[in-house]
Amino acid sequence: MNAVRRSLVAVIALIPFMAQAQRGGQFMELNPPQPVESTNKIEVLEFFWYGCIHCYNLEPKLDTWLKTLPKDVEFRRVPAVFNDRWAHDASIFYAFEALGLLDKLHRPFFDAIHRERLRTDRWPELSAWLEKQGVDAKKFETTVKSFGVQSKTRRAIRLTTAYKIDGTPAMAVHGRYTVPSNEAILDTVNRLVAAVRKTNK
């Protein structure tokens with residue numbers, strides 16, 4: 001059993017607990033809090049899956065929200081991983097990042113999946129789509145399988161577990177709170193950011 005598969009088994013075992021923990025309201029306080037990468041800013045994470053229609057529908061609102069992001073807030077996307085298919089798509093996300101293509105391809109890839117029915121788990125289809133975007137498909141395949149991308153995919157699995165994520169989209173604020181999918185998800189994140197800012201002062 002490889003490292004990614006072992007990590008997935010751990011996530012699946014925790015899903016019933018995670019679901020129970022998140023039914024309590026619009027957000028959940030994490031205990032213990034999780035470490036954050038941002039030392040001087042308030043860290044906000046979005047847990048998503050390319051195949052999730054709710055994540056896709058959130059994208060336009062998220063884009064608008066990001067334009068108003070305060071200077072003391074740092075936003076980062078994390079592909080949630082619950083099974084092999086989600087791990088595969090997480091690796092695609094990190095390959096985009098490794099090749100410097102994330103800003104260019106993130107939204108078009110979402111569009112291709114939900115508008116054109118692109119199957120990301122069928123290499124001939126994915127390869128053809130990449131070539132249309134001007135991406136060398138063979139180089140991309142090598143990047144997906146690289147140690148760096150697979151390490152980031154394993155880390156995404158660990159974060160999915162640590163933040164007790166049981167569905168997408170979900171957001172996390174500075175390692176202290178998670179917000180499950182709901183109509184007011186961004187408003188809730190704004191309130192939690194303000195709370196963290198007040199506490200940090």
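## Conventions

Axes here are lines fitted to C-alpha atoms, for helices over the stretch in contact, with angles running from 0 to 180 degrees between N-to-C directions. Helices (H or I, at least four residues) and strands (E, at least two) are DSSP runs, numbered from the N terminus. This is a predicted model, in which local features need pLDDT of at least 70 and side-chain atom pairs count only at pLDDT 80 or more, while totals for chains, interfaces and linings use all residues. Residues are numbered from 1 along each chain as its sequence is written, and side-chain values use heavy atoms, leaving out hydrogens and water.

## Where two helices cross

Let's start with helix H3 (residues 84-98) and helix H6 (residues 137-144), whose axes come within 9 Å and cross at roughly 115°. The two are therefore roughly perpendicular (65 to 115 degrees) to each other. On the H3 side the contact (heavy atoms within 4.5 Å) is made by Ser91, Ile92, Ala95, Phe96 and Ala98, and on the H6 side by Phe140, Thr143 and Val144.

## The sheet

Next comes an open sheet of five strands, ordered E1-E5-E4-E2-E3 with mixed pairing; strands pair if DSSP finds at least two bridges between them. At the edges are E1 and strand E3 (73-79), each pairing on one side only. H3 touches E2 and E3 as it packs on the sheet, its direction making about 135° with that of E3. Helix H7 (residues 147-162) also lies across E2 and E3, at about 105° to E3.

E2 and strand E4 (residues 170-173) run antiparallel, joined by four bridges. Phe47 has Ala170 of E4 as its bridge partner.

Technical notes: Parallel < 35°, antiparallel > 145°, perpendicular 65-115°, else oblique.
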